[in-house]
2 protein chains.
Amino acid sequence: MTPSPVSDKRQHVVETAYVLFKRAGFHATGIDRIIAEADVAKMTMYRHFPSKDELIVEVLDYRAKRFDRQLDRLAQEGIPPEQKIGRIFDWHARWFRSPDFHGCLFAHALAEFGDPGHPVFKAVVRQKNGLKRCMRSILEEMMPRGRAESGAAALLMLIEGATLLAQMGQADAAIRDARKAAMGIVAASRKSQ
Amino acid sequence: MTPSPVSDKRQHVVETAYVLFKRAGFHATGIDRIIAEADVAKMTMYRHFPSKDELIVEVLDYRAKRFDRQLDRLAQEGIPPEQKIGRIFDWHARWFRSPDFHGCLFAHALAEFGDPGHPVFKAVVRQKNGLKRCMRSILEEMMPRGRAESGAAALLMLIEGATLLAQMGQADAAIRDARKAAMGIVAASRKSQ
DNA sequence: AAGTGGTGAGACAGGTCTGTCTCATGTCTA
DNA sequence: TAGACATGAGACAGACCTGTCTCACCACTT
């Protein structure tokens, strides 16, 4: 029996590559390492992905989809918007404390693939815009469009900065200060302009 | 005549490496590329730097020193603290608009060298802590120590996030929203807790 | 005039990189 | 039973990587 329509191995390679990329970076992680860790033949990998770059894009899109799903669950209907924002920060706090936290894979990808025309670069932009859009739609529940756009950008920047500080070993202080600043921004934007 | 006590070439290699690292990343930039661009023999490089990693640390420390000098000039005495913060954001706005802006080299270094024990990692932490310390000392002019520490962290996170967004092509909006959020944080922290 | 030290040029070693190719194997389907 | 197909194993090419080494050169000092 074919294990699954478009194969088991493909997804297994993606998940293995994800772990290795996260731990050691993209250029520093070789194809040989990936296929050894995934226990898969080289040709199996190259039959599913035309190149390493395409594999990287696949890994990023896969993680972005997972992240979006978790985000949707946090920001479900029937909860006041402040609480939704709070939950997003809670989620990040848990992430920062997880044993194999190594910073944001998308930010790392941007560092290694700085050419705006590169598919990896575009995948990163997609993910970050998605997160910003999510926060903007939350803020729009309590403030006009323009202010929600600025506020979402501010929240996104705080989160990205907190992720960086967390990677430098200041996770607890970072998430606490970012949350405080975020709540201040939301409260101020709600009241007036 | 010996050109300079510890040689001209050394600094020239550092500056050439800086440009290449900034443009293409650390792992993706080979030694051969650096010496070719610097027009220097390989042995000249290896006589000054024991390894590529040491060169990277040297490049980072060199840029950190330059950055600190510019920062000191911005935050000179006799200026109200709000204005000092404003100037730091102005400086970043100009940086984001500069033609060869490619994001923060230190953040990129963190992405490629995620091991906390690695010298490159430590060099990044030094630089970020320096920037945070600078902003904290500015905030301490107008608020107590504890609040200044949190506020400085928030400002640092906003700046790091803005730099990331700027690299994704949203420089103008990022710096505008980050500045607005920063001023709100400063004003709120000044008044009370 | 002899020596010293930084440098240039490039060969070289040993390893790793991505990506291609061949051939054998097993497994499901018609 | 026969064919189709994904896979395993690994050789292979060609490029690139870091780092070492030798030898010649040249400028300056003593």
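A: Chain A and chain B bury about 3,000 Å² between them, with 70% of it on carbon and sulfur atoms; buried area is the accessible area (1.4 Å probe) that two parts lose on being put together, summed over both. This is a predicted model, in which local features need pLDDT of at least 70 and side-chain atom pairs count only at pLDDT 80 or more, while totals for chains, interfaces and linings use all residues. Residues are numbered from 1 along each chain as its sequence is written, chains are lettered from A and ligands numbered from 1 in the order in which they are written, and side-chain values use heavy atoms, with hydrogens and water left out.

At the interface of the two chains, 37 residues of chain A are in contact (heavy atoms within 4.5 Å) with 37 residues of chain B. Between chain A and chain B there are zero salt bridges, a salt bridge being a side-chain nitrogen of Lys or Arg within 4 Å of a carboxyl oxygen of Asp or Glu.

Ten residues of domain 1 of chain A are in contact with ten residues of domain 2 of chain A. Together domain 1 and domain 2 of chain A bury about 960 Å², and carbon and sulfur atoms give 64% of that area. A:Tyr18, A:Lys22 and A:Phe26 supply 63% of the area that domain 1 of chain A buries against domain 2 of chain A, more than any other three residues.

A:Lys22 also has a charged partner: its side chain meets that of A:Asp100 in a salt bridge (3.2 Å, N to O). Across the interface of domain 1 and domain 2 of chain A, one salt bridge is found.

The largest nonpolar core has 146 residues; such a core is a set of buried (under 20% relative accessible area, 1.4 Å probe, protein chains only) Ala, Val, Leu, Ile, Met, Phe, Trp, Tyr and Cys residues joined through side-chain atoms within 4.5 Å. This core draws at least three residues from each of domain 1 and domain 2 of chain A. Those with the most contacts inside the core are A:Leu55, A:Leu60, A:Leu139, B:Leu55, B:Leu60 and B:Leu139. Leaving aside neighbours within four places in sequence, A:Leu139 is in contact with A:Ile85, A:Ala148, A:Gly151, A:Ala152, A:Leu155 and A:Val186.

Methods. Buried < 20%, exposed > 50% of the residue type's maximum accessible area, 1.4 Å probe, protein only. Domains from an automatic or database assignment.
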